[in-house]
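Here's a quick briefing for anyone opening this structure for the first time. Take a look at it, then read on.

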Amino acid sequence: MGKFLGLDSSTQSLTGLVIDTQTGQIDAEVSTHFDTHFKAAYGIDKGVLHLGGGQVHSAPLMWAEALDLLLQTLRDQGCDLGQIQAVAGSGQQHGTVYLNDKAADALGQLRGPAPLRDQLAAIFSRPTSPIWMDTSTTAQCQELEEGVGGRRVLLELTGNTAFERFSGPQIRKFAQQDPEGYRRTTYIGLVSSYMASLLAGRLVPVDPGDGSGTNLMDIRSRQWSPRALTACAAELEHKLLPITPADRPAGPVSPYFVSRYGFAPGCQVFPFSGDNPSSLIGLGLVEAGQVALSLGTSDTLFACMDQPRVSEQGEGAVFASPDGTHYMALICFLNGSLAREAVRDQHHLDWKAFGEALRQTPPGNKGALMLPYFAPEIVPKVAAAGVVRHHLDPNNAQAEVRAVIEAQALSSKIHSAWMGVAIRSLFVTGGASANEGILQIFADVHGCPVHRFETANAAALGAALRAYHGHLKAAGTPKPWKEITAPFAKPLPGSTIQPNPAATAVYKTLIDEYRKLEQAHTG
Ligand code: XUL
């Protein structure tokens with residue numbers, strides 16, 4: 001029992017969240033927004049640098065500066081960091097940090113009073129880091145797939161086909177375009193391992209959760225794949241930080257944080273993970289078959305799987321769960337709120353009238369269907385926007401409302417089938433989860449209860465829970481994951497919606513119609 005700190009280094013901010021496992025409460029939650037403090041100094045916009053040609057980078061020195069600012073803010077707000085027993089964290093996935101031969105010593109010698117920014121300014125062999133928004137590596141993706149023996153081989157080996165934003169293609173591009181910079185690079189880490197290294201004052205390995213977002217990790221052994229490394233770039237096995245189990249302590253916090261912020265010298269740092277794998281824990285998805293759906297600008301489905309099943313159609317990404325045994329699937333449907341709002345606005349409705357339309361219309365919508373591609377779609381892959389209506393009158397506002405939600409629910413069922421997971425419950429978060437009519441359709445289509453879950457910082461919460469879990473294990477008093485997450489990751493009281501068997505039967509038939517319509521209009 002005690003207090004544990006979780007950090008989340010995301011695209012636009014760094015968040016710190018402290019849990020008290022005695023009370024089961026979140027004690028403190030603070031975010032440092034990069035644009036608010038560092039826009040001018042680093043030339044960023046919404047946390048990133050747009051360098052042209054699809055290249056999107058950020059500044060690792062800025063993240064170090066943000067760490068100082070965040071910890072100072074937590075202290076100023078009365079948080080006693082001396083009570084923290086262990087820290088873990090998460091980082092935006094896929095981003096790579098390139099360090100030179102001075103890095104290990106500089107980290108080891110971190111002491112006050114100069115801030116991290118001054119002590120670490122000379123450790124980078126590449127001053128900026130490509131991040132997940134970078135789309136500039138299509139050629140390298142193809143080369144990496146060919147280099148291991150084909151797309152299918154890379155998929156089987158790493159759990160994912162090559163994606164532009166993944167670290168492997170990004171590293172390959174750097175080695176090709178700046179061979180001298182690549183030669184000067186002694187260590188390559190991820191955003192997660194870099195942030196953990198700052199705290200521990202030593203190079204902290206990569207965890208398997210974030211390692212699986214590189215296209216370079218063998219998804220089954222949870223170690224770097226020699227075959228993928230060879231196909232990616234020369235000497236990479238000597239530069240990449242190793243992979244370690246997520247619950248193996250990386251060492252105590254650096255003396256810098258003890259003297260500057262009052263951390264206890266024995267406070268342990270655990271390896272950081274990627275933000276999505278960390279959110280899986282923060283959402284309490286620690287048993288196979290548990291699925292969460294975030295209804296945001298785009299809709300994102302997270303699932304906990306017992307096997308590293310892969311999507312041959314590239315419908316999702318697969319990562320190792322930081323719980324050490326499970327795997328996670330991440331599927332992104334781009335036309336989420338985007339499509340819901342388009343229908344709402346086209347028919348001049350507000351959300352109340354939108355909900356009313358769902359109540360007034362029957363499950364199955366009398367056979368009217370919509371393919372809601374108001375923008376190009378990721379899953380299924382649709383290159384250009386174009387809404388398709390099937391027996392659907394575009395002037396019938398109520399039918400249009402039901403059609404867009406049924407399409408989203410049916411699509412989430414069809415395109416999550418590759419996970420081989422019997423969905424037993426669905427946790428729904430995000431703005432649209434406030435609408436009961438929407439949740440009822442998801443419950444009916446999936447034939448399982450839907451629970452509402454309110455969370456703003458699932459990744460930081462997951463990190464704090466990982467610190468707690470790792471701490472207990474290291475102390476020889478491990479607890480099952482379910483007991484760790486249960487007090488913090490619970491559904492909102494009274495929010496559960498049960499499926500209606502008659503409606504579920506309607507959707508069982510309709511799903512084939514929808515699938516046929518979709519296949520007729522997608523590649
Ligand atoms: C996942 C991905 C994003 C980033 C955001 O593959 O690219 O969700 O992790 O931080």
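**A first tour**

Let's start in a loop: proline 380 sits between strand β19 (369–371) and strand β20 (388–390). The peptide bond joining valine 379 to proline 380 is cis, with omega at about -5 degrees. Keep in mind that you're looking at a predicted model.

- To find proline 113, go to the loop that runs between α3 (103–108) and α4 (116–120).
- Which residue has a positive phi although it is not a glycine? That's lysine 46, with a phi of about 50 degrees.
- Lysine 46 is in a loop too, the one between helix α1 (34–42) and strand β4 (49–52).

**Around the ligand**

- Aspartate 275 brings a side-chain N or O atom to 2.4 Å from an oxygen atom of the ligand.
- Arginine 165 also uses its side chain, with a polar atom 2.8 Å from a ligand oxygen.
- Glutamine 93 works through its backbone instead: an N or O atom there lies 3.2 Å from an oxygen atom of the ligand.
- How much of the ligand does the protein bury? On its own the ligand exposes 290 Å², and the protein buries 86% of that.

**Helix α14 against helix α19**

- Aspartate 275 turns up again here, as one of the α14 residues in contact with α19.
- Helix α14 (residues 275–282) packs against helix α19 (residues 458–474) at an angle of about 75 degrees, and their axes are 7 Å apart.
- That angle makes the two helices, α14 and α19, roughly perpendicular.
- On the α14 side, the contact uses Asp275, Ser278, Ser279, Ile281 and Gly282.
- On the α19 side, look for Ala458, Ala459, Leu461, Gly462, Ala463, Leu465 and Arg466.
- By class, the contact of α14 with α19 has 6 nonpolar, 4 polar and 2 charged residues.

**Helix α5 against helix α6**

- How do α5 and α6 pack, and at what angle? Helix α5 (residues 138–148) meets helix α6 (residues 151–158) at about 85 degrees, with 7 Å between their axes.
- So α5 is roughly perpendicular to α6.
- From α5, Leu144, Glu145 and Val148 come up against Arg151, Val153 and Leu154 of α6.
- Class by class, this contact of α5 with α6 counts 4 nonpolar, no polar and 2 charged residues.

Key. Residues are numbered from 1 along each chain as its sequence is written. This is a predicted model: local features need pLDDT of at least 70, side-chain atom pairs count only at pLDDT 80 or more; totals for chains, interfaces and linings use all residues. Side-chain values use heavy atoms; hydrogens and water are left out. A polar contact is a pair of N or O atoms within 3.5 Å; within protein, one must be able to donate a hydrogen and the other to accept it, and residues adjacent in sequence count only if both atoms are side-chain atoms. Accessible areas come from the Shrake-Rupley method with a 1.4 Å probe; for residues, only the protein chains shown count as cover. Axes are lines fitted to C-alpha atoms, for helices over the stretch in contact, and angles run from 0 to 180 degrees between N-to-C directions. Helices (H or I, at least four residues) and strands (E, at least two) are DSSP runs, numbered from the N terminus. Angles under 35 degrees count as roughly parallel, over 145 as roughly antiparallel, 65 to 115 as roughly perpendicular and the rest as oblique. Contact means heavy atoms within 4.5 Å. Ala, Val, Leu, Ile, Met, Phe, Trp, Tyr, Cys and Pro count as nonpolar, Asp, Glu, Lys and Arg as charged, and the others, Gly among them, as polar.
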